[in-house]
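Student: I should like to learn how to read a structure such as this one. May we go through it together?

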Amino acid sequence: MKKYLSLIVLSLVSILANAQEVEMADTFRSSGKIYVVIAVVTTILLGIIIYLIMIDKKVTDLEKKLKK
């Protein structure tokens, strides 16, 4: 019974979420600023990914030194 109830609630939430209009996104799209937002978000995510890769390499090197 819980599964069916949660399925119905989640379905209603998704329907309500799609029914709302987002004025800010429409404004950004019409003025062309959405590309700036996408570029900034992409730059931030790439920076975080590169940072995590660098930290992983450093931790791996430290683990190798500790095993020796």
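Student: What is the mean pLDDT of the protein?

Tutor: pLDDT is the predictor's confidence in each residue, from 0 to 100. The mean for this protein is 83, and 85% of its residues reach 70 or more. This is a predicted model, in which local features need pLDDT of at least 70, side-chain atom pairs count only at pLDDT 80 or more, and totals for chains, interfaces and linings use all residues. Residues are numbered from 1 along each chain as its sequence is written, and side-chain values use heavy atoms, leaving out hydrogens and water.

Student: How many helices and strands does the protein have?

Tutor: Helices (H or I, at least four residues) and strands (E, at least two) are DSSP runs, numbered from the N terminus. Here there are 3 helices and 0 strands, in the pattern α-α-α.

Student: Which helix has the lowest mean pLDDT?

Tutor: Where pLDDT is low, the predicted coordinates should not be read in detail. Helix α1 (residues 2-19) has the lowest mean, 71, whereas α3 has the highest, 94.
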